[in-house]
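Colleague: I have the sequence and the model open side by side. Could you walk me through a few features of it?

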Amino acid sequence: MAHKRKKVVIVGGGTAGWLAAGILATRFESDGVGALQVTLIESPDVQTIGVGEGTWPSMRSTLQGMGISETDFIRECDVSLKQGSRFNNWVTGESDYYYHPYSLPSSYSDVNLAPHWQAVRDQVSFADAVSQQGKLCDHGLAPKQISTPEYAFGVNYGYHLDAAKFAQFLKNYCTNELGVGHVEAHVRSVSSMENGDIKAVVTDTDESYDAELFIDCTGFASVLIEKHYGISLNSIKQYLFNDSALATQVSYETEHDPIASHTLSTAQSSGWVWDIGLPTRRGVGYVYSRDHVSDAEAENELVQYLVPIVGRKAATEIDPRKLRFSPGYRQEFWHKNCVAIGLSAGFVEPLEATAIALVELSAKMVAEQFPENPAEMAIAANKFNQKFTYRWSKIVDFLKLHYVLNQQDDDGYWQQHRQIDTVPESLQESLTRWRSKAPWHLDTPYIDEMFPSASYQYVLYGMGFSTNVSELALRGRAQAQERANQLFHENIQRTKQLLSSMPRNREFIEKVHEFGLPKI
């Protein structure tokens, strides 16, 4: 086995399939001893759902590791830069907002600024006290200058992108540059070995494709992990109620309209509207719970959101795409020699753009733990399942945190989110602890946590949560307070500097299209 060229077959394309293919193909040589042959099989006439239009900053290192030019990526995938998310009306439902930026608070590795901010919480928001990105987003500014090299930054950023164009871009790159095999066909059947492993998949062209490892990227169809192996979903609908979405695209009024450098999330009666600015259009949609609002009522709320953007006539003429999903994740993600990645592994509402990030993390772990022999397969599967069960539980906790602290005055959706029996016990314990101790490093003990403890701080204090620091904790804090005051002051100065030097997001994107970014 050590000297045999190994094979991986990925069933399903789209962003998940091609991103997984690219990560695996980059990790291993395509020829020679220990090489990996990656083949992707996708149906020619099945429309991919796409796993979202927003990424985390991790996508920068993923693309760079694959050898992709950031300039090419921005030009070909209708990309704009994303610095975080702004949450409108999530607290009281009446013109409140807060930011969850991508940059960590100043000197976060050695100073926890949250307890020191409590004394001035009525004067400045937490995000503005410890980060520059909220102000940059308020002014529609980019996180870097055109002279900044590819993937480098002034302040941390991810991307907004056209998911369909991104999948095509990855397909071209993987097949032309990384040696990934591409087959257009339907998988008709699966043949198994005596031990239950998949031996091969057979297509409707009667071609058989064998491999040591099979990756299920077939989306909600879950052809391998569910239809073949019968691995069911763990439902999390008791915590996160949303199970439907309406999605549409709207044009800018003019080609010079500003492009938001953040995802906009606006609370509605029974869910929230996403608003993502790309260079050529805005992607807008309403994620909601059918237990709390009808499809017709949800569509009317989406129309009302769009009226100020495109006018009443255009808003009433929209024909949004309707999506249904069962919020949850697999009881096992890696079963026998099959791994589910993307929507086949699970799905929750796209509140914090976790879908593409999970694809990145899954594919990277498969590459790092790739089994050299059958004995290692079960070990790798066990490690993978433990890791991603933990990650999904943390996603549920973090998304629920956005809801449980709401103060909205309704007798349905938002009030139900505050009821204790809809809150995971792990989150209940954390909230109890955070009432006297601000989140910090011990709250996220693993180096590869989905969300750093800073993310919990941004949401907690953005939602109006209060940490009452005890007298014991305050003792001997004079020096720490002096250091915190210095960092608060430095953040003010840094914010002023960036506001005067960063280009507008649209201006930056236009210059990338015209001149390109410098190579590192």
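Modeller: Let me begin with a term: a residue is called exposed when its relative accessible area is over 50%, buried when that area is under 20%, and partly exposed in between. Please keep in mind that this is a predicted model.

Colleague: OK, so is aspartate 206 buried or exposed?

Modeller: Aspartate 206 has a relative accessible area of 55%, which is over 50%, so it counts as exposed.

Colleague: And where does aspartate 206 sit?

Modeller: Aspartate 206 lies in the loop that runs between strand 9 (198–203) and strand 10 (208–210), and its phi is near 65°, a positive value in a residue other than glycine.

Colleague: What about serine 107, what is its phi?

Modeller: Serine 107 is not a glycine either, and its phi is positive at about 50°. Serine 107 belongs to the loop between strand 5 (97–101) and helix 4 (114–117), and because its relative accessibility is 27%, it is classed as partly exposed.

Colleague: Changing topic: how many residues are in the largest nonpolar core?

Modeller: That core has 142 residues, and the ones with the most contacts inside it are Phe73, Trp90, Phe166 and Leu401. Helix 12 (residues 374–404) supplies the largest share of this core, with 13 residues.

Colleague: Which residues does leucine 401 touch?

Modeller: Leaving aside residues up to four places away in sequence, leucine 401 touches Leu427, Leu431, Trp434, Tyr456, Val459 and Leu460.

Colleague: And what is in the second core?

Modeller: The second core is separate and has 16 residues, including Val284, Tyr286, Val307 and Ala315.

Terms used:
Residues are numbered from 1 along each chain as its sequence is written. This is a predicted model: local features need pLDDT of at least 70, side-chain atom pairs count only at pLDDT 80 or more; totals for chains, interfaces and linings use all residues. Side-chain values use heavy atoms; hydrogens and water are left out. Helices (H or I, at least four residues) and strands (E, at least two) are DSSP runs, numbered from the N terminus. Buried means under 20% relative accessible area, exposed over 50%, partly exposed in between (1.4 Å probe, protein chains only). A nonpolar core is a set of buried Ala, Val, Leu, Ile, Met, Phe, Trp, Tyr and Cys residues joined through side-chain atoms within 4.5 Å. Contact means heavy atoms within 4.5 Å.
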